[in-house]
Structure formats: structure tokens, C-alpha cells
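Visitor: I would like to learn how to read a few features of a protein model. Please take them one at a time.

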Amino acid sequence: MAGFRHESEVAVDDIPLEANVSFIPEPSNTFDDRAIRIELNGQKLIKKEN
């Protein structure tokens, strides 16, 4: 997945296994009009850096 570092609110490693996430199309994304935003309770997900 691309774009984890651009905007972030929740780290992927902090999501419980049973959590429901939302996949939201972003057709107005200036970098990729086919982008999909992944959210948990309205907050964008990120990949936690090591």
C-alpha cells in the first residue's frame, strides 16, 4: 500500500483483530484518483514505522 506516511491518525499495529475498518474511495485524490482510504472509527490508518 502506498501513502501511509502522507496523512495518519491510527497505527495499523494498534487495531484489534476483530475491528471493523472502512474502505472509502477518494476520486478527488490529487496523487491517485483511484485511491482508497482505510479508516477505523473515522480515523485514517497508517503503517507503524520500526
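Visitor: Is Glu-39 buried or exposed?

Guide: Buried means under 20% relative accessible area, exposed over 50%, and partly exposed in between (1.4 Å probe, protein chains only). Glu-39 has a relative accessibility of 12%, so Glu-39 counts as buried. This is a predicted model, in which local features need pLDDT of at least 70 and side-chain atom pairs count only at pLDDT 80 or more, while totals for chains, interfaces and linings use all residues. Residues are numbered from 1 along each chain as its sequence is written, and side-chain values use heavy atoms, with hydrogens and water left out.

Visitor: Where is Glu-39 placed, and which residues is Glu-39 in contact with, leaving aside neighbours within four places in sequence?

Guide: Strands (E, at least two residues) are DSSP runs, numbered from the N terminus. Glu-39 sits in strand S3. Contact means heavy atoms within 4.5 Å. With neighbours within four places in sequence left aside, Glu-39 is in contact with Val-21, Ser-22, Ile-24, Lys-44 and Leu-45. The C-alpha atoms of Glu-39 and Val-10 are separated by 8.4 Å, and these residues are 29 residues apart along the chain.

Visitor: How many salt bridges are there?

Guide: Side chains of opposite charge can pair when their charged atoms come close. A salt bridge is a side-chain nitrogen of Lys or Arg within 4 Å of a carboxyl oxygen of Asp or Glu. By this rule there are 2 salt bridges. One joins the side chains of Glu-26 and Arg-37 at 2.7 Å, N to O. Glu-26 lies in strand S2 (residues 22-26) and Arg-37 in strand S3 (residues 35-40), so this pair ties together parts that are 11 residues apart in sequence. Another joins Arg-37 and Glu-39 at 2.5 Å, N to O. Through shared partners, the salt bridges link Glu-26, Arg-37 and Glu-39 into one network.

Visitor: What is the mean pLDDT of the chain?

Guide: pLDDT is the predictor's confidence in each residue, from 0 to 100. The chain has a mean pLDDT of 77, and 72% of its residues reach 70 or more. Among the elements of the chain, S2 has the highest mean pLDDT (90), and strand S1 (residues 10-11) the lowest (72).

Visitor: Where is Val-21 placed?

Guide: Val-21 is in the loop between S1 and S2. Val-21 counts as partly exposed because its relative accessibility is 32%.

Note on methods:
Helices (H or I, at least four residues) and strands (E, at least two) are DSSP runs, numbered from the N terminus.
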